[in-house]
Amino acid sequence: MNGSASGAQTSTQAEAREGEDDPHLARARYYSPSNIFQVKRAPIPRRNFIEECERARADDTPTGWITLDIAEEIGVEAPATTPLMLARYAKVAPRETLGGHFTASGEIYYVISGDGTAAKAGETLAFAQSDVFTLPGGAATTLRAGDDGAVLFQVTNEPELAFHGLSAPEPSKSPTVAARYPIESWLAELISARNVNNQDEERSGQALHLTSERNGK
């Protein structure tokens, strides 16, 4: 018995000495707190961003992006509206253009007012008030407003990619494609989904996913 125990101890000590010379073993850490399921994270602060909204809607606000950033309040390094998403207003004066280059896997927009075009990676789509449209990640984005200007609300997953240290995909490889969802279409689909879902007694909620040929049916 003593011989076996001594041999096991010698083996363990040898492995420990070997680990001192192995940087991959030296980096390893083990953390097992007894109260892990009682840990509470700080809540995401509630913000209504009224000042940013008013600035985006004001006639005298020049063309530009208005970022809704609370990164410091939620303890992340990159600009963020939530830990995984970043939202902005895009204010485009009449007949002017607004450009941007976002490290995101895709961009989604809601057109608050006005009309115009959005261009990226050789594609240009038209947009009008209350439309929703998406653009792929990577490459430059160019928004051009019509005669009355335009105000849009944009959301990306930039904080998520920043956390993982990832670059934006090429537009051709992005999970998001350029697609437009006019209000007439998405509102009709929403009403149809509601009518269908209301017939399901076991439904847990109501939802309409805006997807595309690349990642949905």
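Guide: Start with contact, which means heavy atoms within 4.5 Å. Among contacts in the chain with a separation of 6 or more, residues 24 or more positions apart account for 69%. This is a predicted model, in which local features need pLDDT of at least 70 and side-chain atom pairs count only at pLDDT 80 or more, while totals for chains, interfaces and linings use all residues. Residues are numbered from 1 along each chain as its sequence is written, and side-chain values use heavy atoms, with hydrogens and water left out.

Visitor: What makes up the secondary structure of the chain?

Guide: The chain has 6 helices and 8 strands. Helices (H or I, at least four residues) and strands (E, at least two) are DSSP runs, numbered from the N terminus. In that direction the order is α-α-α-β-α-β-β-β-β-β-β-α-β-α.

Visitor: Why is A118 called buried?

Guide: Buried means under 20% relative accessible area, exposed over 50%, and partly exposed in between (1.4 Å probe, protein chains only). A118 has 0% relative accessibility, so A118 counts as buried. The residue lies in strand 4. Across the chain, buried residues make up 32% of the 217 residues.

Visitor: What does A118 touch?

Guide: Leaving out residues up to four places away in sequence, A118 touches E123, T124, L125, F127, F133, L135, T142 and L143. T134 is 16 residues from A118 in sequence, and their C-alpha atoms are 9.6 Å apart.

Visitor: What makes a group of residues a nonpolar core?

Guide: The members must be buried Ala, Val, Leu, Ile, Met, Phe, Trp, Tyr or Cys residues, joined through side-chain atoms within 4.5 Å. The largest such core here has 15 residues. Y109, A118, F127, F133, L143 and L152 have the most contacts inside it. Strand 2 (86-92), strand 4 (106-120), strand 5 (123-127), strand 6 (132-136) and strand 7 (141-156) each give two or more residues to this core. Strand 7 gives the most, with 4 residues. Apart from this core lies another, of 11 residues, among them F49, L68, A87 and I112. In soluble globular proteins, nonpolar side chains tend to be buried together.

Visitor: Which residues is F127 in contact with?

Guide: Neighbours within four places in sequence aside, F127 is in contact with V111, D115, G116, T117, A118, F133, R144, A150, L152 and R180.

Visitor: How do you know that K120 and E107 form a salt bridge?

Guide: The rule asks for a side-chain nitrogen of Lys or Arg within 4 Å of a carboxyl oxygen of Asp or Glu. For K120 and E107 the N to O distance is 2.5 Å, and their side chains meet in a salt bridge. K120 counts as buried because its relative accessibility is 4%. E107 is at 1%, so E107 counts as buried. The structure holds 7 salt bridges.

Visitor: Why are E51 and R55 about one helical turn apart?

Guide: They are 4 residues apart in helix 3 (residues 50-57), so about one helical turn separates them. E51, at 44% relative accessible area, is partly exposed. R55, at 35%, also counts as partly exposed.

Visitor: What about R47 and E52?

Guide: Their closest N and O atoms are 4.0 Å apart, and they form a salt bridge. R47 is at 38% relative accessibility, so R47 counts as partly exposed. E52 has 12% relative accessible area, so E52 is buried. R47, E52 and E73 are linked in a network of salt bridges.

Visitor: What joins the side chains of D131 and R180?

Guide: A polar contact of 2.8 Å. The term covers a pair of N or O atoms within 3.5 Å; within protein, one must be able to donate a hydrogen and the other to accept it, and residues adjacent in sequence count only if both atoms are side-chain atoms. D131 lies in the loop between strand 5 and strand 6. Its relative accessibility is 2%, so D131 counts as buried. Not counting residues up to four places away in sequence, D131 touches Y109, Y110, V111, R180, Y181, P182 and I183.
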